[in-house]
Amino acid sequence: MTTTTYREAVRTALREALTRDSRTFLMGEDVGRYGGTYACSKGLIDEFGPERVRDAPLSESAFVGAGIGAAMAGMRPIVEIMTVNFSLLALDQIVNNAATLRHMSGGQFSVPLVIRMATGAGRQVAAQHSHSLECWYAHIPGIRVLAPGTLEDARGMLWTALQDPDPVVIFEHAALYNMEGELPDTAGPVDIERAAVRRPGRDVTLIAFGANLHKAMEAARLLAAEKIEAEVIDLRSLRPLDDATIMASVRKTRRAVVIDEAWRTGSLAAEVSARVMEQAFYDLDAPVGRVCTEEVPIPYPKHLEDAALPQPEKIVAAVKAQLGARA
Amino acid sequence: MTARADKVHLGREHLIGLLRQMLLIRRFEERCVELYSAGKIRGFLHLYIGEEANAVGVMQALGPEDAIVSTYREHGHALARGVSARAIMAEMYGKVEGTSRGRGGSMHIFDAATRFYGGNAIVAGGLPLAVGLALADKMQGRNRVTACIFGDGAAAEGEFHESLNLAALWKLPVLFVCENNYYAMGTALARAQSQTDLARHAESYAMPAEAVDGMDVVAVEVAAHRAVAAVRQDGGPYFLENRTYRFRAHSMFDPELYRGKAEVEEWKKKDPIPRLETWLTEAGLLHADDLPRMEEAISAEIEDAVAFAEAGHWEPVEDLARDVTTPPGRPEREAAA
Ligand SMILES: Cc1ncc(C[n+]2csc(CCOP(=O)(O)OP(=O)(O)O)c2C)c(N)n1
Ligand SMILES: [Mg+2]
């Protein structure tokens with residue numbers, strides 16, 4: 001076991017990828033000389049050189065598109081978009097090219113590209129820097145969407161994603177980079193198919209991903225103090241969703257609350273909730289609950305930002321509302 | 001210091017005013033650094049220290065009817081435009097008394113009264129907005145200029161190229177001001193651009209363009225007057241590339257791995273503030289006690305702004321969903337209907 005951080009785990013994964021596969025290169029804004037906006041790639045330019053740790057100009061559409069082209073021509077690029085906020089300038093390339101080329105070419109071309117980006121709010125950086133748009137990407141057939149919420153996944157998802165012949169988008173919540181924990185020395189690639197039960201419980205299922213996994217875990221601790229045992233599911237893969245793991249848990253606990261940092265309207269929480277209704281309706285003792293971000297652009301002041309985002313207390317309240325509905 | 005005054009009247013009072021404005025911006029931001037360390041200002045904070053001559057020089061050429069579109073590095077632009085230091089400081093605190101009711105913070109200063117259309121924190125995100133503001137002026141027959149300020153990094157974005165083309169194609173009254181400080185975060189201009197002479201990009205869209213010494217406030221003012229006069233007369237856009245330098249890190253989170261201290265020290269020799277001071281002193285225009293008096297007045301203005309921000313209020317959480325859409329009964333809504 002080694003004590004490490006999420007950031008270090010990402011860096012180790014990048015180093016592994018660059019070491020193991022000569023077709024792999026990292027490309028994005030300030031990944032090289034600056035060391036990565038969140039310092040994930042710090043030092044890698046010295047190890048692998050500026051060709052393979054490649055600084056790109058402020059041209060999100062161009063360098064994401066270049067990543068797609070390079071992937072089609074035999075490389076295994078890892079494109080870093082500084083944050084999801086700026087990925088909007090590359091949305092055309094991701095949605096109209098990366099996600100469609102295989103299909104539109106009748107299976108002749110695939111795009112083995114990995115795109116990583118930071119996401120999320122909670123750092124008082126105001127509306128344009130605080131988006132959680134994972135659900136936009138999870139809406140698109142043709143791309144796989146991952147949300148590593150633990151050190152193991154930060155360390156292990158990248159290599160597996162690189163083995164995927166199709167585009168994979170990995171969301172790293174910016175609030176997680178400093179998260180510390182233990183990682184086994186043998187830690188390596190992990191599966192990217194399944195959701196994971198992070199805490200077993202019998203009374204209610206909390207479904208979350210990314211940084212909100214930890215808010216759900218905190219809520220579960222608060223509930224345990226009141227003798228309510230929550231099971232916590234980490235979605236891990238946002239597209240495709242692992243229905244089997246979700247339904248198995250909901251059938252057992254008969255209640256579910258979905259936690260999602262996106263705005264409620266049109267969120268992944270809405271999708272998960274609909275699936276539970278479709279597949280486990282008769283096993284439910286209460287309507288599925290949701291804890292999402294309030295419908296407001298994220299405000300700068302801390303007290304308003306905190307009020308806008310999902311919080312453990314809000315999750316606890318949503319669970320209690322469920323139990324209140326117990327027949 | 002270029003004393004080429006062209007048609008600009010550079011009397012003593014005016015020059016002292018330029019110095020005072022640059023000093024105000026410098027001291028205001030130095031105070032912001034302290035307040036950041038004290039946890040009073042949070043989030044991203046991008047300092048303009050070293051670049052003050054650009055905001056101050058450009059604003060001299062604009063009238064109250066003109067508009068400004070800026071970036072997240074906009075404290076200097078807002079102060080030089082005459083946005084109240086009190087309201088700016090309160091915004092950085094996140095208080096309701098701030099320019100944007102505290103909702104935006106350091107990067108999102110908006111002020112309708114001075115036609116200051118914000119700090120935009122998406123690189124190049126403001127350029128299309130400026131084109132639209134100018135389009136509206138043209139369509140409504142108003143002789144106004146929209147000054148659009150952005151960095152060298154923005155020149156790599158598609159929105160930069162699309163906006164320059166549109167403004168030139170439709171002959172729109174936009175003054176593009178590229179504050180080229182030679183870095184976009186840690187990426188040096190030469191690592192981002194095949195053509196580092198940014199004015200030439202603008203020329204390729206068939207608009208007049210010139211590069212100016214952005215460490216010389218008088219040179220900037222002279223160029224800005226020339227540019228604004230051309231925009232007012234021809235109705236079409238004009239491009240200024242102000243060559244400047246930021247003395248501080250990109251933001252409070254930047255360990256500055258990408259440049260050496262020697263380079264920064266070299267640029268500090270061109271610091272626009274001592275440069276104007278020296279020039280004024282040598283010309284006999286600045287007297288021994290002028291500077292201390294000025295510093296004292298500025299310090300009082302800043303401390304007043306800090307006190308105002310400290311005394312400001314936190315918006316009640318019940319108002320969280322406020323200002324997401326226009327409420328019924330507001331004149332904007334009636335006008336749209
Ligand atoms: C579209 C977009 N991509 C990336 C960023 C992150 N970012 C913020 S400032 C910055 C550098 C911009 O440099 P420049 O335009 O030269 O302005 P300066 O900061 O030097 O004033 C970057 C990359 C962003 N805000 N928007
Ligand atoms: Mg710059």
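I located Pro240(A) in the loop between strand 12 (237–239) and helix 10 (243–253) of chain A; helices (H or I, at least four residues) and strands (E, at least two) are DSSP runs, numbered from the N terminus. The model is predicted, and local features need pLDDT of at least 70, side-chain atom pairs count only at pLDDT 80 or more, and totals for chains, interfaces and linings use all residues. Residues are numbered from 1 along each chain as its sequence is written, chains are lettered from A in the order in which they are written, and side-chain values use heavy atoms, with hydrogens and water left out.

I noted that the peptide bond joining Arg239(A) and Pro240(A) is cis, with omega about -5°.

Lys227(A) sits in the loop between helix 9 (212–224) and strand 11 (230–234) of chain A.

I then turned to chain B, where helix 1 (residues 12–37) and helix 4 (residues 85–93) pack at about 25° with axes 12 Å apart; axes are lines fitted to C-alpha atoms over the stretch in contact, and angles run from 0 to 180 degrees between N-to-C directions. The two helices of chain B are therefore roughly parallel (angles under 35 degrees). Where they meet (heavy atoms within 4.5 Å), Phe28(B), Cys32(B) and Leu35(B) of helix 1 face Ala85(B), Ile88(B), Met89(B), Met92(B) and Tyr93(B) of helix 4. I recorded the contact residues as eight nonpolar, no polar and no charged (nonpolar: Ala, Val, Leu, Ile, Met, Phe, Trp, Tyr, Cys and Pro; charged: Asp, Glu, Lys and Arg; polar: the others, Gly among them).

Terms used:
Parallel < 35°, antiparallel > 145°, perpendicular 65-115°, else oblique.
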